[in-house]
Amino acid sequence: MDAHKPRKRFGQNFLTDSGIINKIVRSIAPHADQRIVEIGPGQAAITKPLLESCPSLHVVELDRDLVERLESLQSTYPQLTIHSADALKFNFAALADGPHSLRVVGNLPYNISTPLIMHLLASSALIKDMHFMLQKEVVDRIAASPGNKNFGRLSVMVQYFCDAQSLFPVPPEFFYPPPKVNSAIVRLAPYESPPHTAENFSLFRRLVASCFQHRRKTLRNNLKSLLPVEIIEQLSIDVKQRPDQFGVEQYVALANEISTQHASAIL
């Protein structure tokens, strides 16, 4: 079979360094009795070592040429299940075997990484953990703490559902073709019992989006798209602060305050 040419429209950058591949697999620590699904297996750089520990692996691949190549592994690993599908539309919940039973891994195309993570978080109650290769800038945003310049809307929304840890960087030279950005591995572990629960999640999501629409402006200015000025002045937080000064707990508390005390005033 001819060598596969990476396709720019699929955001394909294939890992080639065995040392970093082994480090990633060690971080995942797969076991045979686990439900593991790999997104975007590509040329199977991570797939093959995962199969050594978990021969019943599921993989989701959009590129049909790569699906054909992955099918050649089934002669050695007959329990390997290949889903030729778009991960953004794939029903990951169907692969779970109960609450927090599914483990998800992948070298995600940078152009779909954020919407794909949001798609997966919709099924967070079924997911044990996720290990992803992402653009380092995105990992820094996901794992940032309040007060950090990288802390923003993505940080709040992911950390609402998960404990997020940046594990280690992956330089461009470990890929073919080398991407123009640095990469990193992130571990996301959904909470079995979320430490802070929004009574109205739709409002919470809208609130966070409003607060970070202009991250250098104060909460008072950003909240004007959600609430009348007179209601903003009644809130229990310091609305003169910038949005990156508050963490998940504060945003959940604010959403719950608005939901219980000012629901009729929401614009």
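I started with helix α5, residues 136-143, where V138, V139 and I142 come out buried. They span an arc of only 100 degrees around the axis, so they sit on the same side of α5. Keep in mind that this is a predicted model.

Next I asked what the buried residues of α5 pack against. The partners are α4 (113-121), β6 (127-135), α6 (153-161), β7 (162-170) and β9 (183-190).

Skipping neighbours within four places in sequence, I find Y251 in contact with V156, F204, L207, V208, C211, F212, L219, P243 and F246.

On to the rings: I get nine aromatic pairs in the structure. Y160 and F161 make an edge-to-face pair, 5.1 Å centre to centre with 85 degrees between the planes. Y160 has 8% relative accessibility, so I log it as buried.

F212 and Y251 have ring centres 5.7 Å apart and planes at 40 degrees, so I note that pair as tilted. The two are 39 residues apart: F212 is in the loop between α7 (201-211) and α8 (219-222), while Y251 is in helix α10 (residues 248-261). Both F212 and Y251 are buried. Ring pairs also tie F151, F212, F246 and Y251 into a cluster.

Definitions and conventions: Residues are numbered from 1 along each chain as its sequence is written. This is a predicted model: local features need pLDDT of at least 70, side-chain atom pairs count only at pLDDT 80 or more; totals for chains, interfaces and linings use all residues. Side-chain values use heavy atoms; hydrogens and water are left out. Contact means heavy atoms within 4.5 Å. Buried means under 20% relative accessible area, exposed over 50%, partly exposed in between (1.4 Å probe, protein chains only). Helices (H or I, at least four residues) and strands (E, at least two) are DSSP runs, numbered from the N terminus. The arc is that of the directions from the helix axis to the C-beta atoms. Rings of Phe, Tyr and Trp (its six-membered ring) pair if their centres lie within 6.5 Å; planes under 30 degrees apart count as stacked, over 60 as edge-to-face and the rest as tilted.
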